[in-house]
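Hi,

Here is the structure I promised to send over.

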Amino acid sequence: MVRFWSIRDALQIHDTSLSDAAVKQILLTMNEQQSFIIEDLDDNHLVIKADDEFRVRRQLETELEKNTYSLE
């Protein structure tokens, strides 16, 4: 089974300071470590393995938190 992803909408990323290209680059790097991308359709869409969707969402959230700065 496969899942069609719009990088911004499907991953529920609403931080407007983060570009689709930045998120996609993180996903491509993650994919090198553990393959989940079936097809890279264009700048904003991927086809991924449906079984990996939850893991990828969690891992992406962790990566994005590493790059978030807090004033606290």
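**What I found**

The protein chain has three helices and three strands (DSSP runs numbered from the N terminus, with helices being H or I of at least four residues and strands E of at least two). Along the sequence they come in the order β-α-α-β-β-α. Before you read on: this is a predicted model, so local features need pLDDT of at least 70 and side-chain atom pairs count only at pLDDT 80 or more, while totals for chains, interfaces and linings use all residues. Residues are numbered from 1 along each chain as its sequence is written, and side-chain values use heavy atoms, with hydrogens and water left out.

Of the 72 residues in the protein chain, 35% are buried (under 20% relative accessible area; exposed is over 50% and partly exposed is in between, with a 1.4 Å probe and protein chains only). Among contacts (heavy atoms within 4.5 Å) with a separation of 6 or more, 53% are between residues 24 or more positions apart.

Glu53, Arg55, Val56, Leu60 and Leu64 are the buried ones in H3. They sit on the same side of H3, because they cover an arc of only 160 degrees around the axis (taken from the directions from the helix axis to the C-beta atoms). Strand E1 (2-6), helix H2 (20-33) and strand E3 (45-49) are among what covers them. On the face turned away from that buried side you'll find Phe54, Glu65 and Lys66, which are exposed.

Glu53 deserves a look of its own. It is buried, at 13% relative accessible area. Leaving out residues up to four places away in sequence, Glu53 touches Arg3, Trp5 and Ile48. Its side chain also makes a polar contact with that of Arg57, at 2.8 Å (a pair of N or O atoms within 3.5 Å; within protein, one must be able to donate a hydrogen and the other to accept it, and residues adjacent in sequence count only if both atoms are side-chain atoms).

Cheers
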